[in-house]
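Biologist: Can you walk me through this one? I'd like to start with the strands, then move on to the ligand.
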Amino acid sequence: MIQLKQVSKSFDEGCTYAVKDLSLRVNTGETLVLLGSSGCGKTTTLKMINRLIEPTEGCIEVGGEDILKQDPVVLRRRIGYVFQGIGLFPHMTVEQNVGLVPQISGEPIEKRNANAHQLLEMVGLHPETFANRFPAELSGGQQQRVGVARALAADPDYLLMDEPFGALDALSRELLQQELLDLKKKLEKTIVFVTHDIFEALLLSDRIAILHQGRLEQVGTKKDILSAPATPFVKDLFSKPARQLADFQEMT
Ligand SMILES: Nc1ncnc2c1ncn2[C@@H]1O[C@H](COP(=O)(O)OP(=O)(O)OP(=O)(O)O)[C@@H](O)[C@H]1O
Ligand SMILES: [Mg+2]
């Protein structure tokens, strides 16, 4: 379980807030989607969960314990992180990228590589073809798969995914979304998934948290949100796709 209690983050000593008074609970085994437009505080929130950014105020617990009381290295081993914009190391092969966290933990190379190959297989990349390639020798979608495999490498209980399919075309995106749904069933991880795409949020979430200008507008299941939007912002956000579709139909 992950719990945020009145968490705020200001990068300019309180003049403005990237995240303000955010209280949120991610239950064990659920996928919570953080949905919101550019700059609303999604990445800042994810980074605070694994201590890449320290909150200005408030408290975060992972597995029932305050993260400030946990060794950051141990904490990050329990939390897989898929970075926005992929973030693979260009001078390392696919195999080395996937085995990075286990390497830091001192796992022997044979075990690391065997595990990396298994994970590559799981995300649909044949290890014989891909293990020894460098990131520049992969397509964008293949790189994103490696990013997912790398986040899973230490078999973490938690997975933080920051717009992992953001750079993909619609078809590849749909394929990876389906694969994530399969992985979710198989692996039973607790996932926080960031996106600005409403359909992706509806497809992948158990619950959705909508952020706007650093504040939580609403959190709930898609049914809760669609049937009873809590604020005018949420109502407008979810009615937009239907309006756009109607506009197109009118044009044709
Ligand atoms: N290191 C930093 N220093 C100063 N301001 C920052 C820093 N990191 C983020 N911000 C600001 O905090 C706000 C939230 O940024 P954040 O990266 O969390 O947004 P986001 O929701 O992930 O956006 P996007 O969808 O574009 O990735 C933005 O206004 C951003 O400019
Ligand atoms: Mg971001």
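Biologist: How many bridges join strand E6 to E7, and do they run parallel or antiparallel?
Modeller: This is a predicted model, to be clear. Strand E6 (residues 79-82) and E7 are joined by 4 bridges and run parallel. Val 82 has Met 161 of E7 as its bridge partner.

Biologist: What joins E7 to strand E8?
Modeller: 5 bridges, again in a parallel pairing, with E8 covering residues 190-195. Take Asp 162: the bridge partner in E8 is Val 194.

Biologist: Which helix goes with E7 and E8 in the β-α-β unit?
Modeller: Helix H8, residues 170-187. E7, H8 and E8 make a right-handed β-α-β unit.

Biologist: How many residues of E7 are buried?
Modeller: 5 of the 5, residues 158-162, so the strand is largely enclosed by the rest of the structure.

Biologist: Which E7 residues point which way?
Modeller: Tyr 158, Leu 160 and Asp 162 point one way. Leu 159 and Met 161 point the other way. Both sets are buried. In a regular strand, side chains alternate between the two faces of the sheet.

Biologist: Switching to the ligand. Which residues surround ligand 1?
Modeller: The shell includes a run through Gly 39, Cys 40, Gly 41, Lys 42, Thr 43 and Thr 44. Gly 36 and Ser 38 are there too.

Biologist: Zooming out. How many helices and strands are in the chain?
Modeller: 11 helices and 10 strands.

Biologist: What is the radius of gyration, and what would a compact globule have?
Modeller: The chain has 19 Å. A compact globule of 252 residues would be near 18 Å, so the two agree. The C-alpha atoms fill a box of roughly 55 × 55 × 35 Å along the principal axes.

Biologist: What share of the residues is buried?
Modeller: 38% of the 252 count as buried.

Biologist: And what share of contacts joins residues at least 24 apart?
Modeller: 66%, among contacts between residues at least 6 apart in sequence.

Key:
Residues numbered from 1 in each chain as written. Chains lettered and ligands numbered in written order. Predicted model: local features only at pLDDT ≥ 70, side-chain atom pairs only at ≥ 80, totals over all residues. Buried ≥ 20, exposed ≤ 12 C-beta atoms within 10 Å, placed from the backbone. Helix = DSSP H or I, 4+ residues; strand = E, 2+ residues; numbered from the N terminus. Pairing = 2+ DSSP bridges. Right-handed = clockwise from strand over helix to strand, strands pointing away. Near = placed C-beta within 6 Å. Rg over C-alpha atoms; globule rule 2.2 N^0.38 Å. Contact = placed C-beta atoms within 7 Å.
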